[in-house]
Amino acid sequence: MDTIPEIPKEEYILKCTSACAGCSDSLALRYVLKAAGPDTVLVVPACCTSVIQGIYPNTAFNVPVYNIAFASAAACASGMSNAFRAAGKKTNVIAYAGDGGTLDIGIQAMSGAFERGTDFLYICYDNEAYGNTGMQRSGGTPLGARTTTTPTGKTDNKKDIDAIIAAHDPPYQATACAAYPQDLFKKVTKALTFRGPTFIHILAPCPPGWRYSTEKSVEMGKLAVKSGMWVLYEREYGKLTIGAQSKAAIKKPIPLEDYLAPQGRFKGIDPKTVDILKQRIAKNLAKLAAEEAAS
Amino acid sequence: MKKISTGNKAVAEAVKQIVPAVVAAYPITPQTEIVEQIAEFVSSGELKSRYIAVESEHSAMAACIGASITGVRTFTATSSHGLLYMHEMTNWAAGARLPIVMANVNRSLGPGWNIWAEHTDALQERDTGWLQVYVSTVQEAYDATIMAFRIAEHNDVLLPVMVNLDGFLLSHIMQPLDTVDVGDFVPPIQLPHAIDVKNPTGYGGLTGPDQQFKFRWDIERSIRDSVKVIEATEKEFAKRFGRKYGFTEDYQCADADVIIVAMGTLGKEAEVAVDLLRKEGIKAGSMRLRWLRPFPKLDLKGKQVVVIDRDYSFGRGGILATEIMAQTKEDVFSVIAGLGGQEVTYEDVAGFVRKRRMGEEFWFGVNNNV
């Protein structure tokens, strides 16, 4: 993963999206679509991406976008993929959903689509809360984070959706982060070479939701990776490869406080909760390192 | 070709001949035989469709939507709780103007767990923008399914169609079935708004208060336009295959003093009841309502009307009776009968007419004064 990819100049996210300033969902999607190219359909459930397309009759997206109800991105994509394949078309079908639409309300349809071997790419861009409804907690919200429905900090852990996906044994799954667009580009390109269901989980830092200033989205993503809070890896036919950036974090992570401190959502977090987060990070990194060594 | 079939198998037979590109379905009693039969046709190679065995009805309709918007023909089947579970997506299918065809095997709603016939399931979908037809025989289940594709896919309609057949009373009974060579009766599907990657378009995105109502009106306009398409389709069907259908099936209505209005198999019982009543000197007729949406103009002028509802809207009344009372000034006797598969014989139906109390509502089996 160390080579620098040729990233096409073509843009599929045009100017004048209605995204918030510093939105890393839009940044991630820009590279997702550069990797996927024009023969692609996005299936988007209710999420920030349904908002940032713009308002009818305008759209800022230059690929067909099928907006669908919250719980049903994977099921809709499943029907679409089958219809395209039945017609002999290779069109990429990408379900592009937030953490709420993936970890929470959409998990049943997603699990079903993976179990059925649907030929599609499912991307979860994860800003760790229900963003466009005003930052309510989701299954993706980390322990200790304040949201509008966890005003004193979340008391439950973040759901490990990647482990749930791994249990479906897809040919390819990866994690990525909007702060590392080249890595993301390569992973999307690779995912689309497989037949069957593939999954990419993108950490998408969110200035209004995480409460940091808008110019720091890339920095936030990098701090997440460097602290080990977010781990970059890919799993191909069950073989795990941890990304170089995360390998460095395993060897020598930056203090977790460096990641938490700039974010308003962690303001006033109990030191005991920080300790639990640190323990969970260490456990997760050790588990992944052991899996990589064994595979 | 003449054979003996259940209502469910008749629907599956029609689907086999129409060849949808994608069938996505989830099993539920008493619909199961439809999807089992289709799965068998697909696995034996008799039907060149993709069968997606989804994990829920919500996903069944979502998958049909995803397939349909690529411009291909789709089908699903459900019943009762399955229909209610996909309710969010039935709205989406109609709003997205997708000509999905669905068979719904009418069944009661829980609790308690009751698998028997009732129309409340489909009637809770009344306002979604789907066209709804209710059938009464195995032959009609087959014929209506074939016609449903042609009507749904007509460019003046482009709305989904639901073919309703009574659970067990029709889904599981055996009757003669005469299958036809469909030929070009159902032309190839041409969806004008199908996804085209060469012409990227957004579907169903943010739509403001200055626009949304236009899309709602467009659905209503097309439902109104569907009247002519239904009439033309049924006329063409009769011409080609010899079986006539209409918005209603009228039996002895012309000179009748009292007309029984019902849907589904109860509408057939009503015809037998009419014969009984006529022998007694009561000039009765039966008007079996086939299409609930679009709701037809019923010719009930000067008649007493006995409406039998196998459904109910709590706090208001029988749904069919309510619809009819909204349209006509004639006196209506509203009978609630057959809920949860309650047995209603033609003798019972004749009894409703003999002891009718115009302007009142009567729950069969609850009061015993009829």
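The model is predicted, so local features need pLDDT of at least 70 and side-chain atom pairs count only at pLDDT 80 or more, whereas totals for chains, interfaces and linings use all residues. Residues are numbered from 1 along each chain as its sequence is written, and chains are lettered from A and ligands numbered from 1 in the order in which they are written. Helices (H or I, at least four residues) and strands (E, at least two) are DSSP runs, numbered from the N terminus.

**Interface between the chains**

- The interface brings 35 residues of chain B into contact with 38 residues of chain A, where contact requires C-beta atoms, placed from the backbone, to lie within 7 Å.
- On the side of chain B that touches chain A, two or more residues are given by each of strand S2 (22–25), strand S3 (50–53), H3, helix H5 (87–95) and strand S9 (202–203) of chain B, and the largest share, eight residues, comes from H3(B).
- That side of chain B divides into 20 nonpolar, twelve polar and three charged residues, with Ala, Val, Leu, Ile, Met, Phe, Trp, Tyr, Cys and Pro counted as nonpolar, Asp, Glu, Lys and Arg as charged, and the others, Gly among them, as polar.

**Helix pair across the interface**

- Helix H3 (residues 73–86) of chain A and helix H3 (residues 57–68) of chain B have axes that come within 6 Å and cross at roughly 45°; axes are lines fitted to C-alpha atoms, for helices over the stretch in contact, and angles run from 0 to 180 degrees between N-to-C directions.
- That angle makes H3(A) oblique to H3(B), since angles under 35 degrees count as roughly parallel, over 145 as roughly antiparallel, 65 to 115 as roughly perpendicular and the rest as oblique.
- H3(A) passes H3(B) in a right-handed crossing, a crossing being right-handed if the near helix is turned clockwise from the far one by less than a right angle, and left-handed if anticlockwise.
- Residues of H3(A), including A:Ala75, A:Gly79 and A:Ala83, meet residues of H3(B), including B:Ala63 and B:Gly66, and the contact has ten nonpolar, five polar and no charged residues.

- Nine strands form an open sheet with mixed pairing, in the order S8(A)-S7(A)-S5(A)-S6(A)-S4(A)-S3(A)-S1(A)-S2(A)-S9(B), where two strands pair if DSSP finds at least two bridges between them.
- The edge strands, each pairing on one side only, are strand S8 (239–242) of chain A and S9 of chain B.
- Strand S2 (residues 65–67) of chain A runs parallel to S9(B) and is joined to S9(B) by two bridges, with A:Val65 opposite B:Gly202.
- Within chain A, strand S1 (residues 40–44) and strand S3 (residues 92–98) pair in the parallel sense over four bridges, and A:Val41 stands opposite A:Val93.

**Domains of chain B**

- Chain B is assigned domain 1 (2–178 + 194–241) and domain 2 (248–363), with bounds from an automatic or database domain assignment, and 26 Å separate the domain centres, taken over C-alpha atoms.
- The contact takes 25 residues from domain 1 of chain B and 20 residues from domain 2 of chain B, and the largest share of the domain 1 side, five residues, comes from H8(B).

**Helix pair within chain B**

- Helix H1 (residues 7–18) and helix H7 (residues 138–153) of chain B pack at about 30° with their axes 8 Å apart, which makes H1(B) roughly parallel to H7(B).

Methods
Two residues are in contact if their C-beta atoms, placed from the backbone, lie within 7 Å.
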